[in-house]
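Take a moment with the sequence and the fold below.

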Amino acid sequence: MKFALVTALAMFRNAILLLAIHLLCSSAAGQIVVAPVAYETRNGGGGEFGYRDELYDGSGNNAANYSVLTGGTGDLTDGIITNQNWNNNNVPYVGWQWETQNIDIFFQFDQQYLFESVRIWFDDSNGVGGVSPPSTVTINGTQFSVIDPPGSLPFVETFNTSGLFTESISVQIEGRTEWVMISEFEFRSMPLILGDVNLDFVADFSDIPAFITVLQSGEFQAAADVDLNGEVNFLDIPAFIAILMSQ
Ligand SMILES: [Ca+2]
Ligand SMILES: [Ca+2]
Ligand SMILES: [Ca+2]
Ligand SMILES: [Ca+2]
């Protein structure tokens, strides 16, 4: 009897250890890059040299300064990043004269993701031509300060958004000097685990209360749509139970 209890305790301890290792591994690795299906922004500006979103494929005039662009994607998410300053030939920046134009960009994704970080590639010419890194970046209401690096090369800044679970991201940017130039945005997320409705990176019995809350709310939550039909309803219950039983 005593032997059985000791064995059970040892098995329990091993299970906890394995779970801890699993959690450590899954939270450190396995991030995926997700691309928005569309973004909305005011176009960039410029004079003789234009810093407009020429590749933008939605509505609005991608050749006109500060035209409202909606329903498409373009230079900001095309994967092209430049390591050159704005005053070289044909550099693929979108630039805003932020003192007269709000920089307010809205990214729409195909579903909810658990965003770990947002990365933005800025130009930095230490104020030459009025171009500097921004002073703040606000992502879904959280404001981050940006340090101006001592050098004058373009750089990437990573903003930690760990725990942000959403299907849209809004970014507001405040400049430091007259212009802000951006060549790219990148969004990193943890892979979604079906049935992990409380978002702790494992689908288990502790997800039941969160699953019931989502069911009752009638709202969509990607981890709760276990049968992958685009909505969360009572039809997801058998698949949810099957996942829990397989753990
Ligand atoms: Ca780009
Ligand atoms: Ca600098
Ligand atoms: Ca969970
Ligand atoms: Ca469903």
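Two strands pair if DSSP finds at least two bridges between them. Helices (H or I, at least four residues) and strands (E, at least two) are DSSP runs, numbered from the N terminus. This is a predicted model, where local features need pLDDT of at least 70, side-chain atom pairs count only at pLDDT 80 or more, and totals for chains, interfaces and linings use all residues. Residues are numbered from 1 along each chain as its sequence is written, while chains are lettered from A and ligands numbered from 1 in the order in which they are written.

Start with the overall plan. The protein has three helices and nine strands. Along the sequence they follow the pattern α-β-β-β-β-β-β-β-β-β-α-α.

Now look at β5 and its partners. β5 and β8 run antiparallel, joined by 15 bridges. One pair to find is F106 with its bridge partner S170 in β8. β5 also pairs with β9 in the antiparallel sense, over eight bridges. There, L114 has M190 of β9 as its bridge partner. Strand β2 (residues 38-42) pairs with β5 too, antiparallel and over three bridges. A38 stands opposite Q108 in β5.

Next comes the interior. A residue is buried if 20 or more other C-beta atoms lie within 10 Å of its own, exposed if 12 or fewer, and partly exposed in between, with C-beta atoms placed from the backbone. Of the 247 residues in the protein, 26% are buried. A nonpolar core is a set of buried Ala, Val, Leu, Ile, Met, Phe, Trp, Tyr and Cys residues joined through C-beta atoms within 7 Å. In soluble globular proteins, nonpolar side chains tend to be buried together.

The largest nonpolar core here holds 30 residues, and I169, V180, M181 and I182 touch the most other members. At least two of its residues come from each of β4 (94-97), β5 (103-122), β6 (136-139), β8 (155-174) and β9 (179-190). β5 gives the most, with ten residues. Another core, of eight residues, lies apart from it and includes V214 and F240.

Finish at A222. Where does A222 lie? It sits in the loop between α2 (208-217) and α3 (237-245). A222 is partly exposed, because 19 other C-beta atoms lie within 10 Å. Not counting residues up to four places away in sequence, A222 touches Q111, Q112 and L192 (contact means C-beta atoms, placed from the backbone, within 7 Å).

How values were computed: Contact = placed C-beta atoms within 7 Å.
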